[in-house]
Amino acid sequence: MADQSSKAKLLSVKEKYGREIRVFETMPPSSSTEELPNAGEEPDGFYEFTAEDYYRVLATKKDDKYLKTRKLREAEEAARRSKITKVSVRVRFPDNHTLEATFHPSETMQTLVDLLTKVVAQPELPFYIYTTPPKKQIKDLTQDFYSAGFVPGAIVYFSYDLPEGESVGSVSYLNEDVMSLKGLEIVSEEEESTLAVAEPETAPSLPAPTPVVKETKPTDKKAIKPKWLKM
C-alpha cells in the first residue's frame, strides 16, 4: 500500500508540474573533513605548463584543423547531441534540501526558472540561480542545457535576491506539496514495465514417449504343396 501511495503521489506531482521531481536532503560537509590534510597532493611544479607542453598541444590542434572539415565536426557534434535525451538538474537550497528534475537537452534555462517559480514556498520573492566554483550567476535564460554544459547532469544553487540585511526567516524554501515528495523514489516507466511483467513459468519438459513397436508373431500355418507338383 505504501508503494502504491508513493507512486500515486509522484504521478500527481508529475501531472501538476509537467515533469518528474524528486526531493531529498543533503548534509553539509563537516568541518573535520575539510581540515584533513591532502596527503596525496602534488607539488606546485607538477602543474607548470612547459614550452614542450605548449608545442605538443599546438601540433594536436593543427592536426585536428586539417584532418576534420567544418561539416564533419558539425556532423559529429549533431550525432553526439542526438544520443542524449535527458538531463538531470539538481537545485540545492540553503536549507540543505535538493530538488531534482529532468529536462530535455534542448530546453532552456528559462524552463528551470519557471519550474522553481512553481515549487518554491515564496514565489513572490525575487531569486536567482548560480553555479560554483567559482560562483557564477546564470543570467542567460535563453541558453539550452546542452550548450550550457549541463549534460548529462548538473548542480545549481538557489538564492533569494534580497537586499542586504533582509532574510526569508525559517520558512521552508519548497512548498508543502513538493516537500511531501521527500524520500520518495522515482520509478521509470521502463523499469516499472520490467517489474510488472513477469516471465511465465514454463512447465518442466517431459521426456518424449517411447514409440511402441508391435511384435509380429510367426504364423503357424502349414505349407501347402501345390497339386501340380509330383514327387
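Trainee: What makes the contact between the side chains of Asp 177 and Lys 16 a salt bridge?
Mentor: Bearing in mind that this is a predicted model, the N to O separation between Asp 177 and Lys 16 is 3.1 Å, and because the criterion asks for a side-chain nitrogen of Lys or Arg within 4 Å of a carboxyl oxygen of Asp or Glu, the pair qualifies as a salt bridge. Asp 177 belongs to helix α6 and Lys 16 to helix α1, so the pair ties together parts that lie 161 residues apart in sequence. Lys 16 and Asp 177 are also linked with Lys 9 in a network of salt bridges.

Trainee: Why is Lys 16 called exposed, and why is Asp 177 called partly exposed?
Mentor: Exposed means over 50% relative accessible area, and partly exposed covers the range between that and the buried limit of 20%. Lys 16 has a relative accessibility of 53% and therefore counts as exposed, whereas Asp 177, with 22%, is partly exposed.

Trainee: What makes Thr 98 a buried residue, and which residues does Thr 98 touch?
Mentor: Thr 98, a residue of strand β3, has a relative accessible area of 0% and is therefore buried. Leaving aside residues up to four places away in sequence, Thr 98 touches Arg 22, Val 23, Phe 24, Thr 26, Arg 90, Val 91 and Arg 92.

Trainee: Why is strand β4 described as largely enclosed by the rest of the structure, and how does β4 pair with strand β6?
Mentor: Four of the five residues in β4, which spans residues 127-131, are buried, so the strand is largely enclosed. β4 and β6 pair in the antiparallel sense over four bridges, and Tyr 130 has Tyr 157 as its bridge partner in β6. On β5, which runs antiparallel to β4 and is joined to it by two bridges, the bridge partner of Thr 131 is Lys 136.

Note on methods: Residues are numbered from 1 along each chain as its sequence is written. This is a predicted model: local features need pLDDT of at least 70, side-chain atom pairs count only at pLDDT 80 or more; totals for chains, interfaces and linings use all residues. Side-chain values use heavy atoms; hydrogens and water are left out. Buried means under 20% relative accessible area, exposed over 50%, partly exposed in between (1.4 Å probe, protein chains only). Two strands pair if DSSP finds at least two bridges between them. Contact means heavy atoms within 4.5 Å.
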